[in-house]
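Trainee: I am new to this structure and would be grateful for a guided reading of it. May we proceed by question and answer?

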Amino acid sequence: MERFASGWKRNYYGKADVTAYRLHRDGRVPEGTSAVFGANVTMLVYGDAFWPTYTTGDNTDLVATDSMKNFIQRETLDFDGNDLEQYCLFLAEKFLARYPQVEGVQVSATDVPYAARGAWTFSPAGPERAMARVEVTRAACLEATSGIRGFRLLRLGGSAFKGFVRDEYTTLPEITNRPLHMWLDLEWQYVQPGDALTDGATTRAVARLTHDVFDAFESGSIQQIIYALGMRMLAEFPAIAQVHLEANNRTWDTVTERGEAIGVYTDARPPYGCLGLSLRR
Ligand SMILES: O=c1[nH]c(=O)c2[nH]c(=O)[nH]c2[nH]1
(Lines give C-alpha, C1' and ligand atoms only; values in the text may rest on other atoms or scores of the structure.)
Protein backbone atom coordinates (compact mmCIF):
# COMPACT_ATOMS: atom_id res chain seq x y z
CA MET A 1 0.00 0.00 0.00
CA GLU A 2 1.32 3.41 -0.92
CA ARG A 3 1.40 6.27 1.56
CA PHE A 4 1.72 9.97 0.89
CA ALA A 5 3.33 12.59 3.11
CA SER A 6 0.40 14.85 2.25
CA GLY A 7 -2.05 12.33 3.76
CA TRP A 8 -4.83 10.00 2.67
CA LYS A 9 -5.72 9.96 -1.02
CA ARG A 10 -9.05 8.98 -2.57
CA ASN A 11 -7.33 8.06 -5.82
CA TYR A 12 -3.83 7.85 -7.14
CA TYR A 13 -2.17 5.97 -9.95
CA GLY A 14 1.14 5.71 -11.71
CA LYS A 15 3.87 3.43 -12.96
CA ALA A 16 6.17 1.24 -10.91
CA ASP A 17 9.37 -0.63 -11.67
CA VAL A 18 10.49 1.69 -14.46
CA THR A 19 14.19 1.21 -15.10
CA ALA A 20 16.44 3.72 -16.80
CA TYR A 21 20.20 3.55 -17.24
CA ARG A 22 21.95 6.75 -18.25
CA LEU A 23 25.39 6.02 -19.65
CA HIS A 24 28.04 8.60 -20.34
CA ARG A 25 29.40 6.41 -23.09
CA ASP A 26 32.49 8.53 -23.70
CA GLY A 27 33.43 7.93 -20.07
CA ARG A 28 33.77 11.68 -19.51
CA VAL A 29 32.34 12.40 -16.07
CA PRO A 30 33.37 14.72 -13.25
CA GLU A 31 35.81 13.34 -10.68
CA GLY A 32 34.03 11.17 -8.11
CA THR A 33 30.99 10.42 -10.29
CA SER A 34 30.21 7.37 -12.39
CA ALA A 35 29.54 6.97 -16.10
CA VAL A 36 26.65 4.69 -15.14
CA PHE A 37 23.55 6.07 -13.43
CA GLY A 38 20.88 3.39 -13.03
CA ALA A 39 17.55 3.80 -11.30
CA ASN A 40 14.34 1.92 -10.75
CA VAL A 41 11.52 4.45 -10.48
CA THR A 42 7.96 4.54 -9.22
CA MET A 43 5.84 7.58 -10.08
CA LEU A 44 2.40 8.09 -8.53
CA VAL A 45 0.17 11.04 -9.29
CA TYR A 46 -3.11 12.26 -7.83
CA GLY A 47 -5.78 14.84 -8.55
CA ASP A 48 -9.53 15.20 -9.00
CA ALA A 49 -9.06 15.25 -12.77
CA PHE A 50 -8.49 11.49 -12.68
CA TRP A 51 -11.64 10.66 -10.67
CA PRO A 52 -13.93 10.26 -13.75
CA THR A 53 -11.69 7.38 -14.90
CA TYR A 54 -12.77 5.53 -11.74
CA THR A 55 -16.43 6.55 -11.69
CA THR A 56 -17.50 6.69 -15.34
CA GLY A 57 -14.60 5.38 -17.42
CA ASP A 58 -14.01 8.86 -18.90
CA ASN A 59 -10.25 9.10 -19.51
CA THR A 60 -10.22 12.62 -20.98
CA ASP A 61 -7.55 14.00 -18.63
CA LEU A 62 -5.80 10.75 -17.87
CA VAL A 63 -2.14 10.38 -18.75
CA ALA A 64 -1.58 6.70 -19.54
CA THR A 65 0.84 4.97 -17.21
CA ASP A 66 2.65 3.81 -20.33
CA SER A 67 3.27 7.48 -21.18
CA MET A 68 4.59 8.00 -17.64
CA LYS A 69 7.11 5.24 -18.26
CA ASN A 70 8.20 6.92 -21.49
CA PHE A 71 8.39 10.29 -19.71
CA ILE A 72 10.66 8.91 -16.99
CA GLN A 73 12.95 7.08 -19.38
CA ARG A 74 13.26 9.85 -21.98
CA GLU A 75 13.65 12.70 -19.50
CA THR A 76 16.50 10.82 -17.82
CA LEU A 77 18.63 11.92 -20.76
CA ASP A 78 18.26 15.55 -19.65
CA PHE A 79 19.01 14.85 -15.99
CA ASP A 80 22.53 16.06 -15.38
CA GLY A 81 22.92 15.08 -11.72
CA ASN A 82 24.13 11.89 -10.09
CA ASP A 83 22.03 11.55 -6.96
CA LEU A 84 18.58 10.06 -6.53
CA GLU A 85 17.12 12.95 -4.53
CA GLN A 86 17.83 15.42 -7.32
CA TYR A 87 16.59 12.90 -9.90
CA CYS A 88 13.24 12.38 -8.14
CA LEU A 89 12.78 16.13 -7.79
CA PHE A 90 13.71 16.68 -11.44
CA LEU A 91 11.12 14.15 -12.66
CA ALA A 92 8.41 15.37 -10.25
CA GLU A 93 8.77 19.04 -11.14
CA LYS A 94 8.94 18.34 -14.86
CA PHE A 95 5.84 16.15 -14.74
CA LEU A 96 3.87 18.78 -12.81
CA ALA A 97 4.92 21.43 -15.32
CA ARG A 98 3.92 19.28 -18.30
CA TYR A 99 0.50 18.16 -17.00
CA PRO A 100 -1.53 20.94 -15.31
CA GLN A 101 -4.29 18.50 -14.24
CA VAL A 102 -1.88 16.77 -11.83
CA GLU A 103 -2.27 18.09 -8.26
CA GLY A 104 0.65 16.23 -6.73
CA VAL A 105 3.22 13.63 -7.57
CA GLN A 106 5.32 11.22 -5.55
CA VAL A 107 8.47 9.90 -7.18
CA SER A 108 10.64 7.22 -5.61
CA ALA A 109 13.82 5.86 -7.08
CA THR A 110 16.10 3.02 -6.07
CA ASP A 111 19.68 2.91 -7.24
CA VAL A 112 20.70 0.09 -9.58
CA PRO A 113 24.36 0.18 -8.65
CA TYR A 114 27.13 -0.65 -11.10
CA ALA A 115 30.75 -0.44 -9.97
CA ALA A 116 33.65 0.39 -12.28
CA ARG A 117 35.93 -2.63 -12.83
CA GLY A 118 38.13 -0.99 -15.44
CA ALA A 119 38.15 2.06 -17.68
CA TRP A 120 35.23 0.73 -19.78
CA THR A 121 33.84 -2.05 -17.66
CA PHE A 122 31.16 -2.11 -14.97
CA SER A 123 29.39 -4.86 -13.10
CA PRO A 124 26.52 -4.95 -10.61
CA ALA A 125 27.39 -3.76 -7.12
CA GLY A 126 25.52 -3.84 -3.86
CA PRO A 127 23.70 -5.63 -2.37
CA GLU A 128 22.62 -2.45 -0.58
CA ARG A 129 20.90 0.15 -2.71
CA ALA A 130 20.32 3.81 -2.08
CA MET A 131 16.79 5.13 -2.47
CA ALA A 132 15.05 8.48 -2.42
CA ARG A 133 11.45 9.63 -2.46
CA VAL A 134 9.92 13.07 -2.92
CA GLU A 135 6.36 14.31 -2.98
CA VAL A 136 5.73 17.59 -4.73
CA THR A 137 2.50 19.54 -5.13
CA ARG A 138 1.91 22.84 -6.90
CA ALA A 139 2.43 24.58 -3.56
CA ALA A 140 5.51 22.87 -2.11
CA CYS A 141 7.85 19.94 -1.80
CA LEU A 142 6.15 18.02 1.02
CA GLU A 143 8.57 15.15 1.41
CA ALA A 144 12.20 14.39 0.80
CA THR A 145 13.24 10.98 2.06
CA SER A 146 16.54 9.23 1.54
CA GLY A 147 17.46 5.71 2.44
CA ILE A 148 19.58 2.66 1.94
CA ARG A 149 17.91 -0.71 1.61
CA GLY A 150 19.30 -4.18 1.64
CA PHE A 151 22.39 -4.07 3.85
CA ARG A 152 23.55 -7.60 4.60
CA LEU A 153 25.92 -7.44 7.53
CA LEU A 154 27.95 -10.27 8.99
CA ARG A 155 29.94 -9.98 12.21
CA LEU A 156 32.22 -12.81 13.34
CA GLY A 157 31.26 -12.42 16.97
CA GLY A 158 30.68 -9.95 19.76
CA SER A 159 26.92 -10.35 19.60
CA ALA A 160 25.08 -11.63 22.67
CA PHE A 161 21.42 -12.27 23.31
CA LYS A 162 20.59 -13.22 26.89
CA GLY A 163 18.51 -12.28 29.91
CA PHE A 164 15.23 -12.36 27.97
CA VAL A 165 11.95 -13.75 29.35
CA ARG A 166 12.19 -17.47 30.11
CA ASP A 167 8.90 -19.29 30.40
CA GLU A 168 7.01 -22.31 29.07
CA TYR A 169 7.45 -21.07 25.47
CA THR A 170 11.21 -20.55 25.66
CA THR A 171 13.52 -22.94 23.85
CA LEU A 172 16.28 -20.54 22.78
CA PRO A 173 19.40 -20.85 24.96
CA GLU A 174 21.19 -17.79 26.27
CA ILE A 175 23.76 -16.73 23.67
CA THR A 176 26.93 -14.90 24.66
CA ASN A 177 28.85 -14.73 21.41
CA ARG A 178 27.03 -15.53 18.17
CA PRO A 179 28.20 -14.82 14.63
CA LEU A 180 25.62 -12.20 13.73
CA HIS A 181 24.06 -11.97 10.31
CA MET A 182 21.47 -9.25 9.89
CA TRP A 183 19.73 -7.41 7.10
CA LEU A 184 19.04 -3.74 7.48
CA ASP A 185 17.00 -1.03 5.76
CA LEU A 186 17.32 2.66 6.63
CA GLU A 187 15.20 5.68 5.72
CA TRP A 188 15.52 9.23 6.94
CA GLN A 189 13.87 12.61 6.53
CA TYR A 190 15.44 16.03 6.68
CA VAL A 191 14.86 19.11 8.80
CA GLN A 192 14.16 20.96 5.52
CA PRO A 193 13.40 19.04 2.27
CA GLY A 194 16.14 21.12 0.59
CA ASP A 195 18.70 19.51 2.92
CA ALA A 196 18.27 16.32 0.88
CA LEU A 197 20.25 17.77 -2.01
CA THR A 198 23.85 16.88 -1.19
CA ASP A 199 24.86 15.11 -4.42
CA GLY A 200 24.54 11.84 -2.53
CA ALA A 201 27.13 12.81 0.10
CA THR A 202 24.78 12.14 3.03
CA THR A 203 23.86 8.69 1.73
CA ARG A 204 27.51 7.74 1.20
CA ALA A 205 28.38 8.96 4.72
CA VAL A 206 25.46 7.04 6.26
CA ALA A 207 26.60 3.87 4.47
CA ARG A 208 30.11 4.31 5.91
CA LEU A 209 28.72 5.01 9.37
CA THR A 210 26.55 1.88 9.20
CA HIS A 211 29.56 -0.32 8.49
CA ASP A 212 31.63 1.45 11.18
CA VAL A 213 28.99 1.09 13.90
CA PHE A 214 28.35 -2.55 13.03
CA ASP A 215 32.07 -3.29 13.09
CA ALA A 216 32.88 -1.43 16.30
CA PHE A 217 29.87 -2.22 18.44
CA GLU A 218 29.59 -5.30 20.65
CA SER A 219 25.91 -5.72 21.31
CA GLY A 220 23.37 -7.40 23.55
CA SER A 221 20.76 -7.49 20.78
CA ILE A 222 20.10 -6.30 17.26
CA GLN A 223 17.77 -3.73 18.82
CA GLN A 224 20.79 -2.25 20.60
CA ILE A 225 22.76 -2.05 17.34
CA ILE A 226 20.06 -0.19 15.45
CA TYR A 227 19.57 2.18 18.39
CA ALA A 228 23.31 2.94 18.43
CA LEU A 229 23.28 3.54 14.66
CA GLY A 230 20.16 5.71 14.73
CA MET A 231 21.55 7.85 17.55
CA ARG A 232 24.86 8.29 15.69
CA MET A 233 22.97 9.36 12.58
CA LEU A 234 21.10 12.04 14.49
CA ALA A 235 24.30 13.15 16.25
CA GLU A 236 26.47 13.31 13.13
CA PHE A 237 24.03 14.69 10.57
CA PRO A 238 22.30 17.83 11.84
CA ALA A 239 20.23 17.98 8.64
CA ILE A 240 18.53 14.65 9.48
CA ALA A 241 15.32 15.19 11.45
CA GLN A 242 14.20 11.59 11.85
CA VAL A 243 15.38 8.15 10.99
CA HIS A 244 13.63 4.82 10.62
CA LEU A 245 15.59 1.58 10.86
CA GLU A 246 14.32 -1.92 10.22
CA ALA A 247 16.46 -4.99 10.73
CA ASN A 248 15.91 -8.68 10.12
CA ASN A 249 17.66 -11.22 12.28
CA ARG A 250 19.15 -13.57 9.68
CA THR A 251 21.64 -15.21 12.01
CA TRP A 252 22.89 -18.37 10.35
CA ASP A 253 22.04 -21.76 11.83
CA THR A 254 24.97 -23.54 13.41
CA VAL A 255 26.11 -26.77 11.75
CA THR A 256 29.16 -27.43 13.91
CA GLU A 257 31.63 -25.42 15.99
CA ARG A 258 35.04 -25.92 17.50
CA GLY A 259 34.69 -23.68 20.55
CA GLU A 260 34.37 -20.02 19.59
CA ALA A 261 37.33 -20.12 17.21
CA ILE A 262 35.86 -21.77 14.12
CA GLY A 263 32.47 -22.97 12.99
CA VAL A 264 30.38 -23.98 10.01
CA TYR A 265 26.97 -22.38 9.55
CA THR A 266 24.12 -22.52 7.07
CA ASP A 267 21.48 -20.09 5.91
CA ALA A 268 18.82 -19.16 8.44
CA ARG A 269 15.47 -20.75 7.79
CA PRO A 270 12.23 -18.78 8.20
CA PRO A 271 10.76 -17.46 10.37
CA TYR A 272 12.99 -14.52 11.17
CA GLY A 273 12.86 -11.65 13.66
CA CYS A 274 11.97 -8.11 12.49
CA LEU A 275 13.09 -5.20 14.61
CA GLY A 276 12.08 -1.62 13.95
CA LEU A 277 13.03 1.74 15.38
CA SER A 278 12.05 5.34 14.65
CA LEU A 279 14.02 8.17 16.23
CA ARG A 280 13.33 11.88 16.03
CA ARG A 281 15.58 14.76 16.89
O1 LIG B 1 19.03 -9.58 18.73
C2 LIG B 1 18.01 -10.27 18.95
N3 LIG B 1 16.85 -9.67 19.35
C4 LIG B 1 15.70 -10.36 19.62
O5 LIG B 1 14.65 -9.76 19.99
C6 LIG B 1 15.75 -11.76 19.46
N7 LIG B 1 14.82 -12.75 19.64
C8 LIG B 1 15.45 -13.93 19.33
O9 LIG B 1 14.88 -15.06 19.34
N10 LIG B 1 16.75 -13.71 18.99
C11 LIG B 1 16.96 -12.37 19.05
N12 LIG B 1 18.06 -11.62 18.80
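Trainee: How many nonpolar, polar and charged residues does the shell around the ligand have?

Mentor: Please bear in mind that this is a predicted model. The ligand is surrounded by Phe-161, Leu-172, Ser-221, Ile-222, Gln-223, Asn-249 and Gly-273. Sorted by class, this shell has three nonpolar, four polar and no charged residues.

Trainee: Is Phe-161 buried or exposed?

Mentor: Phe-161 is placed in strand β7, which covers residues 141-161. Leaving out residues up to four places away in sequence, Phe-161 touches Ile-175, Arg-178, Gly-220 and Ser-221. A residue is buried if 20 or more other C-beta atoms lie within 10 Å of its own. Because Phe-161 has 21 C-beta neighbours inside 10 Å, it counts as buried.

Trainee: In which strand does Asn-249 lie?

Mentor: Asn-249 is one of the residues surrounding the ligand. Apart from neighbours within four places in sequence, its contacts are Met-182, Ile-222, Tyr-272, Gly-273 and Leu-275. Asn-249 has 18 C-beta neighbours inside 10 Å and therefore counts as partly exposed. The element in question, residues 240-249, is strand β9.

Trainee: UniProt places the feature "binding site" at Thr-65 and Asn-249; how far apart are they in space?

Mentor: The annotation for Thr-65 and Asn-249 comes from an unreviewed UniProt entry. These positions are spread over 185 residues of sequence. They are also spread in space, and the distance between C-alpha atoms reaches up to 37.6 Å.

Trainee: Which residues touch the most other members of the largest nonpolar core?

Mentor: The largest nonpolar core has 49 residues. At least three of its residues come from each of domain 1 (13-139) and domain 2 (149-280). Ala-92, for example, touches Val-105, Val-107, Val-134 and Val-136, not counting residues up to four places away in sequence. The residues that touch the most other members are Met-43, Cys-88, Ala-92, Val-107 and Ala-109.

Terms used: Residues are numbered from 1 along each chain as its sequence is written. This is a predicted model: local features need pLDDT of at least 70, side-chain atom pairs count only at pLDDT 80 or more; totals for chains, interfaces and linings use all residues. A nonpolar core is a set of buried Ala, Val, Leu, Ile, Met, Phe, Trp, Tyr and Cys residues joined through C-beta atoms within 7 Å. A residue is buried if 20 or more other C-beta atoms lie within 10 Å of its own, exposed if 12 or fewer, and partly exposed in between; C-beta atoms are placed from the backbone. Domain bounds come from an automatic or database domain assignment. Two residues are in contact if their C-beta atoms, placed from the backbone, lie within 7 Å. UniProt positions are given in the numbering used here, feature names are shortened, and annotations may be inferred rather than shown by experiment. Helices (H or I, at least four residues) and strands (E, at least two) are DSSP runs, numbered from the N terminus. A residue is near a molecule or strand if its C-beta atom, placed from the backbone, lies within 6 Å of it. Ala, Val, Leu, Ile, Met, Phe, Trp, Tyr, Cys and Pro count as nonpolar, Asp, Glu, Lys and Arg as charged, and the others, Gly among them, as polar.
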